[in-house]
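Please keep the display open and find each element as it comes up.

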Amino acid sequence: MAMTADGKIATANRAVASFGSMRDREHLLELRATADAVMAGARTVDSAPINLGPGPAKFRRLRLRGGLAEYNLRIIVSGSGLVNPKAEIFKRRFSPIIILTTGRASKANLRHLRAVADEVKVFGRREINFRAALRWLREKWGVNRLLCEGGGELNDALFRAGLVDELHLTVCPKIFGGHHAPTTADGHGFSCLAAAARFRLKTIRHVSNELFAVFISA
Ligand SMILES: NC(=O)c1ccc[n+]([C@@H]2O[C@H](COP(=O)([O-])OP(=O)(O)OC[C@H]3O[C@@H](n4cnc5c(N)ncnc54)[C@H](OP(=O)(O)O)[C@@H]3O)[C@@H](O)[C@H]2O)c1
């Protein structure tokens, strides 16, 4: 996640979500080059022209050298099954697109999703059961390493499920402010200190004006 110095991942009006440097963008592609699949929440996929793909040939070569498929799988999470079928991600068909949804998705929504995705799978009644979903992704699609690229609501669900092994944060020298600006983890959150997801710092480095931190689950 790229975040401002005040912890925001987009402006309150959601108009700006891309604000890191070229180095941060490259860092994102390097991370994608280590993962079998890249995942994002429905509001992230809807709100920006992203395709969750591996990017230029040098990153695809990196994947192949690391023993991964040339193109990563792409996963979208939507409990309601409401994903814009015209979103950029559906325009590029270089690798399978899997949608994880819940019993809240109507029959009509499921039909619409099945028309644009390679597989649509229901996990849980109202919220995705991520533990079961990740097990299925490993068994059916061979996903051993999954990179989640947000947004804040999806991240929160993964933190609460205790499924985040590593957290890569880029701190950018900007302040967005605003009560309603999304952060690295929104959603329900944790209600007490004892329950909070805990990490320890693995590495930190700065490149120009940005900090690149990696935390691992404690
Ligand atoms: N700076 C960065 O690095 C970065 C990275 C990613 C995103 N962003 C920005 O963050 C904003 C989006 O963040 P967001 O928090 O609003 O949205 P989000 O996490 O991308 O997507 C939220 C949606 O995902 C689904 N979802 C999440 N957790 C779920 C669960 N446990 N069970 C079922 N469904 C679940 C729901 O879809 P349904 O409503 O369809 O049920 C929910 O509305 C955008 O402005 C984006 O550009 C910034």
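1. How many nonpolar, polar and charged residues does the shell around the ligand have? Sorted by class, this shell holds 13 nonpolar, nine polar and six charged residues. Please bear in mind while reading that the model is a predicted one.

2. The ligand is surrounded by 28 residues, and the closest of them are Arg14, Thr44, Ser78, Ser80 and Glu153. A polar side-chain atom of Arg14 lies 2.6 Å from an oxygen atom of the ligand, and a polar side-chain atom of Thr44 also lies 2.6 Å from a ligand oxygen atom. Taken alone, the ligand exposes 930 Å², and the protein buries 90% of that. Helix H2 (42-47) and helix H6 are the elements that give two or more residues to the shell.

3. Turning to the sheet, you will find that five strands form an open sheet in the order S5-S4-S3-S2-S6, with parallel pairing. Its edges are strand S5 (119-122) and strand S6 (146-148), each of which pairs on one side only, and from one strand to the next the twist averages 25 degrees.

4. Which helices lie across the strands? Helix H5 (residues 130-141) lies across S2, S3, strand S4 (97-101), S5 and S6, and runs at about 155 degrees to S4. Helix H6 (residues 152-160), which also contributes to the ligand shell, lies across S2, S3 and S6, running at about 115 degrees to S2.

5. Two details of the backbone deserve a careful look, given that most residues other than glycine have a negative phi and most peptide bonds are trans. Arg14, found in the loop between strand S1 (2-4) and helix H1 (22-32), has a positive phi of about 65 degrees although it is not a glycine. The peptide bond that joins Gly150 and Gly151 is cis, with omega about 0 degrees, and Gly151 belongs to the loop between S6 and H6.

Conventions. Residues are numbered from 1 along each chain as its sequence is written. This is a predicted model: local features need pLDDT of at least 70, side-chain atom pairs count only at pLDDT 80 or more; totals for chains, interfaces and linings use all residues. Side-chain values use heavy atoms; hydrogens and water are left out. Two strands pair if DSSP finds at least two bridges between them. Helices (H or I, at least four residues) and strands (E, at least two) are DSSP runs, numbered from the N terminus. Axes are lines fitted to C-alpha atoms, for helices over the stretch in contact, and angles run from 0 to 180 degrees between N-to-C directions. Contact means heavy atoms within 4.5 Å. A residue is near a molecule or strand if one of its heavy atoms lies within 4 Å of it. A polar contact is a pair of N or O atoms within 3.5 Å; within protein, one must be able to donate a hydrogen and the other to accept it, and residues adjacent in sequence count only if both atoms are side-chain atoms. Accessible areas come from the Shrake-Rupley method with a 1.4 Å probe; for residues, only the protein chains shown count as cover. Ala, Val, Leu, Ile, Met, Phe, Trp, Tyr, Cys and Pro count as nonpolar, Asp, Glu, Lys and Arg as charged, and the others, Gly among them, as polar.
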